[in-house]
Amino acid sequence: MARLRTAILISGRGSNMQALSEACAAPGFPAEIVRVIANRKDAAGLGIAAQAGVATRTIPHRDYPDRAAFDAALDAALRESGAELVCLAGFMRLLTAGFVEAWRDRMINIHPSLLPAFPGLDTHARALAAGVRFSGCTVHYVRHEMDTGPIIAQAAVPVRPEDDTGSLADRVLAAEHRLYPLALRLVAEGRARVAGERVVLAEAETPEVALLNPRG
Ligand code: GRF
């Protein structure tokens, strides 16, 4: 089976990129990473990708006069790599409407909350301030408005009374590393199709149980 040619955009640490790249290295996984692109030279993920033998490229946004020019360079690099799908993984740049439209239903993102709750920055602090008993993460197709778009998959994690933003972020991040490869598999196998701005999943099992927090 042909594997889905996937590019990953990062800005920093790159732990989700690493999780995706490790998943793709497993025999039979339906996607391959053809390029990792960073908008910052100092993105730690670039070194991790290179060590894993993945082709990398840096396109510093500061080299371009405006967002449209940067996005045009990004688009050209993605097309040159032959990417069929783009995964945003901690990519900290707002993308123009034109770019988002050009990659409509071919670009996905991971966000560390149960969207549509807590889009944007400072997610974990806002979740703690709201007193929610569960947080989690979401992988979704990208639309122009930040952290919106048809939801592919979510993972829920409990919030503990003693949590601070660091401990909650760590718990959510561990779930992200499981969820993003799962979502990539669903997309690559054609099992996550957009219909009327919702994702219809094919051959995907729904868990039976309700989680209570606190435990009943
Ligand atoms: C993750 O929490 C992701 O959900 C958010 O930014 C963070 C990136 O972490 N969009 P990493 O670079 O993948 O380690």
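1. A salt bridge is counted here when a side-chain nitrogen of Lys or Arg lies within 4 Å of a carboxyl oxygen of Asp or Glu. By this rule, the structure, which is a predicted model, has 11 salt bridges.

2. One of these salt bridges is formed by Arg-57 and Glu-80, whose closest N and O atoms are 3.9 Å apart. With a cut-off of 4 Å, the separation of 3.9 Å places the pair within the rule.

3. The surroundings of the ligand deserve attention next. Its shell consists of Arg-13, Gly-14, Ser-15, Asn-16, Gly-90, Ile-110, His-111, Pro-112 and Glu-176. Sorted by class, this shell contains 2 nonpolar, 5 polar and 2 charged residues. Two elements, α1 (15–25) and β5 (107–111), each contribute at least two residues to the shell.

4. A polar side-chain atom of Arg-13 is placed 2.6 Å from a ligand oxygen atom. For Glu-176, a polar side-chain atom is likewise 2.6 Å from an oxygen atom of the ligand. Asn-16 takes part through its backbone: a polar backbone atom of this residue is 2.9 Å from an oxygen atom of the ligand. Taken alone, the ligand would expose 360 Å², and the protein buries 84% of that area.

5. As for the site itself, the space that the ligand takes is the largest pocket.

6. Most peptide bonds are trans, and most residues other than glycine have a negative phi. A cis peptide bond joins Leu-115 and Pro-116, with omega at about 10 degrees. Pro-116 is located in the loop between β5 and α5 (123–130). Another cis peptide bond joins Asn-213 and Pro-214, where omega is about 5 degrees. Pro-214 is found in the segment after β9 (198–201).

Terms used:
Residues are numbered from 1 along each chain as its sequence is written. This is a predicted model: local features need pLDDT of at least 70, side-chain atom pairs count only at pLDDT 80 or more; totals for chains, interfaces and linings use all residues. Side-chain values use heavy atoms; hydrogens and water are left out. A residue is near a molecule or strand if one of its heavy atoms lies within 4 Å of it. A polar contact is a pair of N or O atoms within 3.5 Å; within protein, one must be able to donate a hydrogen and the other to accept it, and residues adjacent in sequence count only if both atoms are side-chain atoms. Accessible areas come from the Shrake-Rupley method with a 1.4 Å probe; for residues, only the protein chains shown count as cover. On a 1 Å grid over the protein atoms alone, a cavity is a set of points where a 1.4 Å probe fits but cannot get out, and a pocket is an open set with protein on both sides within 12 Å along at least five of seven lines; lining residues have an atom within 4 Å of a point. A molecule sits in a cavity or pocket if more than half of its atoms lie within 2 Å of its grid points. Helices (H or I, at least four residues) and strands (E, at least two) are DSSP runs, numbered from the N terminus. Ala, Val, Leu, Ile, Met, Phe, Trp, Tyr, Cys and Pro count as nonpolar, Asp, Glu, Lys and Arg as charged, and the others, Gly among them, as polar.
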